[in-house]
Amino acid sequence: MNKLMKKGVLLYTCYNGYHNTKYYVPNDDELKRLLEVTDEILFIPIVTYNRFTDNENNDYEVLSHDIIDNMTVDMVGDPSRFDIIKSEYHATADYRLPANYHIKEYVNDANSLAERIVAIKPDAKLWFSVPSAECLHALTHLYAKAWSDTVDLIYRTVRREIWDNNVQGIYYAGEDIVTAGYTRFDNDKPEKNFNNPIVYSMRAVSDKVHSYGKNFLWIPYYHEAASSSKNLGHVVNLTDIFDTAIIQPSFFFNKARVDEIGIVSDCVRKQAVVDINGDIIGGKKISKTEIGFEMEIDSQFFNDESYVERYYAYEKGFSEFVGERPTAYYAGAPETMLKLLDVIGKFYGEK
């Protein structure tokens, strides 16, 4: 089985916001068409789940306003911004806590899709996910146990035959390692998770995923001017936390990032995360992490010629790596992705 996701597609699953609405679920005919294009499917969540179940089947919550109130100044990267950060976290909690989402809901929805996909394509390659703690950077370490418990929950929920034969790995849904005053990142301390709460949670989940013999996948974005890209370089180049890192250029969504396709191509070619000058971030690549690229497209492709041009820049920039290096398509919500299957299939070369 190919654990590196050579021709994957992101299928958004379960909740699409904080108002109890869910993403469209493809019918069987649509799944059959999808599986004609690629049989490598990632069930991806976008919301922050706050309710989890431990291995003794006890439910618990991670975040609360009391936890935010009890933050200490040493938990943030810039102490002068401590009060501002706490205020931002309270605002984030104000709309996420009332949603009251339990991770079981994502796991059950993803498992239902897994069963349907395997019924159509018995050798399909599937990835489940742990969710993110978006906009709660300095508190990400608090989710380490919850996300490790999620891996155990996925294992307990998925039918053993599918777990053994189809589930290739677990995706880490956070897309960056934000510092910018929110967290510390000590470049010279990879063995201590760079003293960063986000990397701490990554390491904890990685250990759990690897205990099951599965692949741990990350799809971070690259922005040559952002410190988070330097941080991702240190993690990917200097640690074996992730087996696979598929890098987002983000150019499709932001024309100012015109250089990113070239930089990401350089990363894939050198199998190391590099800076804008082509130098390896951290000075060397000592990890075994396989580096790939994300293809990015959505409904704007149909409505605006400038987005068509941007998309084809991806095809030009990455065509040499198709089928050779890890690849995933972001193609918007499920109903949009289904409309783009001809475009995706053309790039991948339909099976």
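The structure holds 35 aromatic pairs, where rings of Phe, Tyr and Trp (its six-membered ring) pair if their centres lie within 6.5 Å, and where planes under 30 degrees apart count as stacked, over 60 as edge-to-face and the rest as tilted. The model is predicted, so that local features need pLDDT of at least 70 and side-chain atom pairs count only at pLDDT 80 or more, whereas totals for chains, interfaces and linings use all residues. Residues are numbered from 1 along each chain as its sequence is written, and side-chain values use heavy atoms, with hydrogens and water left out.

Phe-216 and Phe-242 form a stacked pair, with 4.7 Å centre to centre and 20° between the planes. This pair links distant parts of the chain, 26 residues apart, with Phe-216 in strand S7 (residues 215–218) and Phe-242 in the loop between helix H8 (227–238) and strand S8 (244–247); helices (H or I, at least four residues) and strands (E, at least two) are DSSP runs, numbered from the N terminus. Phe-216 is buried at a relative accessible area of 0%, and Phe-242 also counts as buried, at 2%, the term meaning under 20% relative accessible area, with exposed over 50% and partly exposed in between (1.4 Å probe, protein chains only). By contrast in geometry, the pair of Phe-347 and Tyr-348 is tilted, because the ring centres are 6.1 Å apart and the planes stand at 40°; Phe-347 and Tyr-348 are both buried. Ring pairs also link a cluster that includes Phe-52, Tyr-60, Trp-147, Phe-216 and Phe-242.

The largest nonpolar core comprises 104 residues, of which Phe-43, Phe-128 and Ile-344 touch the most other members. Such a core is a set of buried Ala, Val, Leu, Ile, Met, Phe, Trp, Tyr and Cys residues joined through side-chain atoms within 4.5 Å. Helix H4 (residues 103–120) gives the most to this core, with 8 residues. A second, separate core of 13 residues includes Leu-10, Trp-127, Ile-219 and Ile-246.

In strand S5 (residues 125–130), 6 of the 6 residues are buried, with Lys-125, Trp-127 and Ser-129 on one side and Leu-126, Phe-128 and Val-130 on the other. Strand S2 (residues 40–44) pairs with S5 in the parallel sense over 3 bridges, two strands being paired if DSSP finds at least two bridges between them, and Glu-40 has Lys-125 as its bridge partner in S5. Strand S6 (residues 167–172) runs parallel to S5 and is joined to it by 5 bridges, with Ser-129 opposite Tyr-171 in S6.
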